[in-house]
Every structure is written in structure tokens, then in C-alpha cells.
Amino acid sequence: MFGIIGLGKMGLNLSFNAVDHGQELAVYDINQEAVKTAADYSEKILPVASIDDMIATLPTPRIVWVMLPSGQITNETIDYLIEHLDAKDIIIDGGNSNYKDNLKQAEVAHQAGLYYFDAGTSGGMSGARNGANFMIGGDQEAWPLVEPIIAALAQEDGYLYTGRVGSGHYLKMIHNGIEYGMMQAIAEGFEILDASPFDYDFEKVAKLWNHGSVIRGWLMELAEQEFAKDPHLENIIGRVQASGEGKWTVEESLDLEVPAPVIALSLMMRNRSLQDDTVTGKVLAALRNGFGGHDVTRK
């Protein structure tokens, strides 16, 4: 049995995925309705009313997976766990945290005798539900205890132990930077088509490109799905927030003096989308909603 703290779009689906693959877990979220939803799904999911209750419930060595938004809420939760868990217990940060935060927290965790893992998670909500993609850094000594859980939650060949603490979220950061560039290219292509003298059916174009073309892939599948619902995305305002990892990737490229013009410009275009409404912004917003359930501003 292990614990999941955070039952948002990703954490709730991971909990369903876990029990579908033979795991038992305790779950906690400040939103007790989410806890009830998880517990109602299976008797293998034990609801708890607080982090302290989770710590009291889990067998030792405890494994606690934190699946919260990056930043203050994750950092405060992990700090609390470090103070209240016992030596040899294991913390997994599965959110989109900055790897530099992981390095600092792992140092404190090690001083307390705890093991620490940073798990970059990809695949969106459907991946969390049906088989995710994980990039995991952390303490190799405890990896044999963590790997069976990761293997149960991942799709086949969908996880990699990447080495020491920080390497998991570092790899996920670069993954998201690449994602920014790929999405931007797709969005710009459809904007050119929209401005062209030809009357293209965008849903059919996306479907075509996803059957045997060089640019086929899940993002193109999502484009097809979104155009099926709204052929020119007229009900979406093309404002696209940056979740942070694209910015961190660009900052890292500057620190390392490694050129990354496509990723940098894709980040700038997201900032541009906040100033005005464009077809490019509409496509980006629709794709992010499709794979990750990110909010879309509708007219």
C-alpha cells in the first residue's frame, strides 16, 4: 500500500489506474469530495482525512506520492512530510516541480533519513488513467521498492529510472520544452492554412496527417478531435498560459549556453497570446485542453 496526496486531474486518475493494476492505496486531498470519488471507485482505495492520518495508516516503510501543482503547495506538503515521516520512508514528488526545488528538499530529506524521488509525469489525464510515462530520479537504494508502483502505473516501456535526485524533473522539463515547440509548429501551420485562398476542412487535414505522414502523433490526434467539436475553434479565445517548464527550459539553455531558438520562441508566442486573440493561440489552447484538461477561455 502507498499513499497519494492530491486528487486533481492527474492524481485522481492515477489512483484509479493504480487499483486497476492490483495496487492498494490511501488517498488524501483538501477537497474531501475528491477523496470520496476515489474511495467510491474501489474498496482498495482508503480515504483519509489528513496527512497525519495517512502517515498513521500506511505500512512501513511508507511510500507517499505527492501529486500537487508545482510551487508553494507542493513544497509545503513535502516539508511537512519530511518533518513527520520516519527514517527509511519514501517521498515521491510527481508534480511538475522545478528540479532545483527537488535538490534542496532531497538534501533535507536525507538528513532526516528519508528517501526521495522526483517523478516527471507525461501522458496527460488519459495517460494517468490508462498508462502514464514516467521519468524518475532518486535514491537508487530505495528504487526496488518504488519500481513496482511505477511499473503498474506506466504503459509498457513507459518509465525510466534516470539516476540521482533531480534528474527526473530535469528530463521532464526538457520534454515540456520540446512539447512547446511541437505544439507551436502545429498551431502555426493551421494558421497559415486558415489564411490561405483554399477552403480546408481542418478536422480532415489533421486526420490525414495522422495516417502515415511524418508529423503524425498524439498532438495531431488531439487537433482532429478539437476541430471535430469546433471546426475553426471559434468558441475559444486563443490565450495560452505557460505552466513554467518551458520557461525553465529556456533559462537552462541560457545558463548552459546551448541555443534553443524554437523552444524560446514558442514560449514568447505563449506570452504573445495573452495580448490578443489568434488562430495560433486557439489551436494551442485546444491542444492543451485535450491532453491535460487545462482551462480554456471560451467566448
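This is a predicted model: local features need pLDDT of at least 70, side-chain atom pairs count only at pLDDT 80 or more; totals for chains, interfaces and linings use all residues.
Local features are reported at pLDDT of at least 70 and side-chain atom pairs only at pLDDT 80 or more, whereas totals for chains, interfaces and linings use all residues. Residues are numbered from 1 along each chain as its sequence is written, and side-chain values use heavy atoms, with hydrogens and water left out. Helices (H or I, at least four residues) and strands (E, at least two) are DSSP runs, numbered from the N terminus.

**Helix α8 with helix α13**

- Helix α8 (residues 167–195) packs on helix α13 (residues 279–292) at an angle of about 130°, and their axes lie 8 Å apart; axes are lines fitted to C-alpha atoms, for helices over the stretch in contact, and angles run from 0 to 180 degrees between N-to-C directions.
- This angle makes α8 oblique to α13, given that angles under 35 degrees count as roughly parallel, over 145 as roughly antiparallel, 65 to 115 as roughly perpendicular and the rest as oblique.
- The α8 and α13 crossing is right-handed; a crossing is left-handed if the near helix is turned anticlockwise from the far one by less than a right angle, and right-handed if clockwise.
- On the α8 side, the residues in contact (heavy atoms within 4.5 Å) are E179, M183, Q184, I186, A187, E188, F190, E191 and D194, which meet V279, T280, V283, L284, L287, R288 and F291 of α13.
- The residues of the contact of α8 with α13 comprise 9 nonpolar, 2 polar and 5 charged, where Ala, Val, Leu, Ile, Met, Phe, Trp, Tyr, Cys and Pro count as nonpolar, Asp, Glu, Lys and Arg as charged, and the others, Gly among them, as polar.

- From α8, H169, Y170, K172, M173, I174, N176, G177 and Y180 meet E245, G246, W248, T249, E252 and L256 of α11.
- The residues of this α8 and α11 contact divide into 6 nonpolar, 5 polar and 3 charged.
- With helix α12 (residues 261–273), α11 packs at an angle of about 140°, the axes being 9 Å apart, and α11 is thus oblique to α12.
- The crossing in which α11 passes α12 is left-handed.
- G246, K247, T249 and V250 of α11 meet I263, A264 and L267 of α12, a contact whose residues divide into 4 nonpolar, 2 polar and 1 charged.

**Individual residues**

- T74 lies in helix α4 (residues 72–84) and is buried, with a relative accessible area of 0%; buried means under 20% relative accessible area, exposed over 50%, and partly exposed in between (1.4 Å probe, protein chains only).
- The T74 side chain reaches the backbone oxygen of P69 at 2.6 Å.
- Leaving aside neighbours within four places in sequence, T74 is in contact with V66, L68, P69, D93 and S97.
- P47 belongs to strand β3 (residues 45–47) and is partly exposed, with a relative accessible area of 41%.
- Although P47 and V27 are 20 residues apart in sequence, their C-alpha atoms are 5.2 Å apart.
- Not counting residues up to four places away in sequence, P47 touches V27, V35 and A39.
- E221, in helix α10 (residues 218–229), is partly exposed at a relative accessible area of 35%.
- The C-alpha atoms of E221 and V240 are separated by 20 Å, with the two residues 19 residues apart along the chain.

How values were computed. A polar contact is a pair of N or O atoms within 3.5 Å; within protein, one must be able to donate a hydrogen and the other to accept it, and residues adjacent in sequence count only if both atoms are side-chain atoms.
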